[in-house]
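Here are some notes to read with the model open beside you. Take the points one at a time, and find each residue on screen as you go.

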Amino acid sequence: MSLTFRFPNRQEVLTLIISNLAALAVAWTLYTWLELANLSMIFLTAVLACAILASSYAALLSAVIGFITFNFCFTVPKFSLLVYEREQLLTLLFFLLIATVVGKIAGDSRARMLALNASRLAEEQERLRSALLASVSHDLRTPLASIIGAASSLRTLDAQLSQEDRFELLDGVLSESERLNRYIQNLLDMTRLGHGKLTIERDWVAVDDLISSAIKRLASTLVHLKIEQQCSTYELPLLYVNPALIEQALVNVLENAARFSPLNGVIKIAATESEDGQALLFSVTDQGPGIPSEMRERVFEMFFTGNQGDRNLHGSGLGLAICRGMLGAHGGKIYAETGPDGIGTQIIMTLPLSIENQEPIYDA
């Protein structure tokens, strides 16, 4: 054993005191019922507790403390470190030997387990970094390539282009620039959410304004789709939220629905009060391939990109994760269900109407 003497740290001291006092109390209670050798198992348990909860060093100290306590309180003569009976002396020596060995083995096993967990955590962090780099590489390169291509055509083919062609290329530049801006905004929001720095500056806002603004921002993305609003927005109460964050959550959900909707498909947007009047429910329903039941919770995890349903390999795995964070910061929730008649996906977002209920909800 290569143990160097040092002063135990706070965790080791607390574990030593609590475990050995507990062992002493139990042993003293059972003293008249158990043999001396059986009582030593109680102090051996304290050694194991120190090894598992603290370290091998704490286990060694616990073995020494247990040896002294056991000798002082339970061998003849009591309340003395002397030992008159040979059998009791052998019991003490065997206890010290076994406690030292078992504590060292258990402590080393704990250290190896912690090292393994640290290694797994490092691997997971590296996987997330790789996923982020792959996502950034794909989702930034695609709109940039379109912008560069359109700008290049405008520059080199200017004399050959009609006014209509120029407008079409400029519309493409504008559309891809807006897409690039949304993606960068998602990255920034995800960073702020991860560091707990997302500012919630609330204001009263109408539901109709949020929906209209989100649709307007996605005008170029939704151009080949039909949008149906199934809500009486004028009868709904105002929301006391951060308008920019909730609008961004709506944009992310709508963009996700548009990405997997068929050409000329229908996206339905609804907003209603809950039955108890305590929350407002937004729902966005598409006609896409849908999300398998086993993936409906995982689609809101960061960087999760399933290879089927509404999250395929071309997604970054950020949009819906950000929605959950933004709604959670307002005390709301988001979840996915199958669309009506088993067609497509319905994403439902809830926001509390009562200010007192708008405490942040952060999922693990």
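1. **Before you start.** This is a predicted model, in which local features need pLDDT of at least 70 and side-chain atom pairs count only at pLDDT 80 or more, while totals for chains, interfaces and linings use all residues. Residues are numbered from 1 along each chain as its sequence is written, and side-chain values use heavy atoms, with hydrogens and water left out.

2. **The whole chain.** The secondary structure comes to 8 helices and 7 strands; helices (H or I, at least four residues) and strands (E, at least two) are DSSP runs, numbered from the N terminus. Of the 364 residues in the chain, 42% are buried (buried means under 20% relative accessible area, exposed over 50%, and partly exposed in between, with a 1.4 Å probe and protein chains only). The chain exposes about 20,400 Å², and carbon and sulfur atoms supply 59% of that area; the areas come from the Shrake-Rupley method with a 1.4 Å probe, and for residues only the protein chains shown count as cover.

3. **Contacts along the sequence.** Take the contacts in the chain with a separation of 6 or more: residues 24 or more positions apart account for 68% of them. Contact here means heavy atoms within 4.5 Å.

4. **Helix 1 with helix 2.** How do helix 1 and helix 2 lie relative to each other, roughly parallel or roughly antiparallel? Helix 2 covers residues 36–53, and the two pack at an angle of about 160° with their axes 9 Å apart. Helix 1 and helix 2 are therefore roughly antiparallel. For angles, under 35 degrees counts as roughly parallel, over 145 as roughly antiparallel, 65 to 115 as roughly perpendicular and the rest as oblique. Axes are lines fitted to C-alpha atoms, for helices over the stretch in contact, and angles run from 0 to 180 degrees between N-to-C directions.

5. **Who meets whom there.** Among the residues of this contact are Leu16, Asn20, Ala23 and Leu24 in helix 1, and Ile42, Phe43, Ala46 and Cys50 in helix 2. By class, the contact of helix 1 with helix 2 has 13 nonpolar residues, 4 polar and no charged. In this grouping Ala, Val, Leu, Ile, Met, Phe, Trp, Tyr, Cys and Pro count as nonpolar, Asp, Glu, Lys and Arg as charged, and the others, Gly among them, as polar.

6. **Helix 1 with helix 3.** Helix 1 (residues 10–30) also meets helix 3 (residues 56–74): their axes come within 10 Å and cross at roughly 30°. That makes helix 1 roughly parallel to helix 3. The residues in contact include Glu12, Leu16, Asn20 and Trp28 in helix 1, and Leu61, Ser62, Ile65 and Phe74 in helix 3. The contact of helix 1 with helix 3 divides into 10 nonpolar, 4 polar and 1 charged.

7. **A serine to look up.** Is Ser62 buried or exposed? Ser62 lies in helix 3 and is buried, with a relative accessible area of 0%. Not counting residues up to four places away in sequence, Ser62 touches Leu16, Asn20, Ala46, Val47 and Cys50.

8. **Helix 6 with helix 7.** The axes of helix 6 (residues 207–217) and helix 7 (residues 243–260) come within 9 Å and cross at roughly 55°. Helix 6 and helix 7 are therefore oblique to each other. Their contact includes Leu210, Ile211 and Arg217 of helix 6, and Ile246, Glu247 and Leu254 of helix 7. By class, it has 9 nonpolar, 2 polar and 2 charged residues.

9. **Backbone details in loops.** The peptide bond from Val76 to Pro77 is cis, with omega near 0°, and Pro77 sits in the loop between helix 3 and helix 4 (86–156). Phe79 is found in the loop between helix 3 and helix 4. Phe79 has a positive phi of about 55° although it is not a glycine, and it is exposed, with a relative accessible area of 51%. Asp341 has a positive phi of about 60° and is not a glycine either; Asp341 is found in the loop between strand 6 (333–338) and strand 7 (345–352), and counts as exposed at 77% relative accessibility.
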